[in-house]
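Let's walk through this model together, starting at the surface and then moving inside. Have your viewer ready.

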Amino acid sequence: MKTNIGVFFGGRSTEHEISVISASQAMAAINRDRYDITPVYVSKKGRWYTGDALLDIANYRDIPALLKKCKEVSMEPVYDDYNLYLRKKPLLGQGGVAAKLDVVIPVFHGANGEDGIFEGVLESIGIPFAGCDTLSSANGMDKITMKMILQANDIPVVDYVWFTDKQWFAQRDELIKKIEDKIDYPVIVKPANLGSSVGIGRATSREQLIERVDEAEKYSTRIIVEHMVEQLQEINCSVLGDCDEYQTSVLEEPIKSGEILSYEDKYMGGTKGAKGMQASQKRIPADLPKNVTERIQFLAGETFRVLSCHGVSRVDVIVDKANDEIYVNEINTIPGSLSFYLWEATGIPFTKLMDRLVALAIKRKREKGMKTVSYDHNIFNLTGGLKGAKSSLKG
């Protein structure tokens, strides 16, 4: 029998539509001679749906009409239960099971999907899945935590200051002074846990800083303000594998229309319809000296390794053209379009990339199954083993 791949996408995220595009590309690339596909669309309200109509991206122009062609489903938080259950069970006959999944490939972008929340659900069920686990997803998604880990491992990042939205309202003057003393203007203000350039802005003065932070806090409770490299060159590198064995792709240089690579630059590609990250303007491979290329690939691999990443990620770096310093900007643990265009340029077709993700998922499941998670003996049968419990119950 074929392996049945559950592809999950959409979600409660500002990057919902981009997730749909990336998932559509991924599902089209899966080898149907080897695998079956069960698409699972998560609506903006957090409801799960499945059905063949989800395979045609044209249907997403009218979501209500699309969902009428689909069935609402869910999974049980029970270990080793890989079934996708119908929310409305049939009146006649056996069942209530829409599909039995063998492997899951999450293709969420942003909050409530790429940040470890969904990965935690999959880990509790125990189903093999591609991509980062709960911990590495959370660390990779949060720009503050990520930079702390990278700094602790001697991976260069630009200077930054971080704070919460409540701190901003209670200690605004102190935080502004800290920002001006430590990094000065110009700065980049970002929500800590969003991607796709959502909520990001440049500030060259105190007045602009206040405006940009007020905008960023609409999207996140944690804000990061970074030194802005003015003579910057942005370079991206994808990494494939796990933290013990991985390879890096050729490099790309995204072409931005303004000071910051915008949502439109990334996904609209100057066209009327979004086509995912492959539609953005870019140079592949990036026109860089060999030593710079190798340094960026090394830093991308180290970022992937120290964050304990898995599957396919994309690491974005900044080259300061004023002094040739290189800084890691961020990692995308589920990159737009799964960075397939970088792997095709490296010699791995999209279909083979999907094969690799499935194989990595199964390999991790097998390796985790070799670890001890419980002891065979029962502590409650040991003499005196309940003394603490007795005293606490009596108290």
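Is Phe380 buried or exposed? Phe380 counts as exposed, because its relative accessibility is 58%; the cut-offs are under 20% relative accessible area for buried, over 50% for exposed and partly exposed in between, with a 1.4 Å probe and protein chains only. Before going on, note that this is a predicted model, where local features need pLDDT of at least 70, side-chain atom pairs count only at pLDDT 80 or more, and totals for chains, interfaces and linings use all residues. Residues are numbered from 1 along each chain as its sequence is written, and side-chain values use heavy atoms, leaving out hydrogens and water.

The aromatic rings come next. There are 11 aromatic pairs in the structure, counted for rings of Phe, Tyr and Trp (its six-membered ring) with centres within 6.5 Å; planes under 30 degrees apart are stacked, over 60 edge-to-face and the rest tilted. Phe8 and Phe118 make a tilted pair, 5.0 Å centre to centre with 40 degrees between the planes. Phe8 is buried at 0% relative accessibility, and Phe118 is buried too, at 6%. The pair of Phe340 and Tyr341 is edge-to-face, because their planes stand at 80 degrees, with the ring centres 5.9 Å apart. Both Phe340 and Tyr341 are buried. Finally, look for one aromatic cluster formed by Phe8, Trp48, Phe108 and Phe118.
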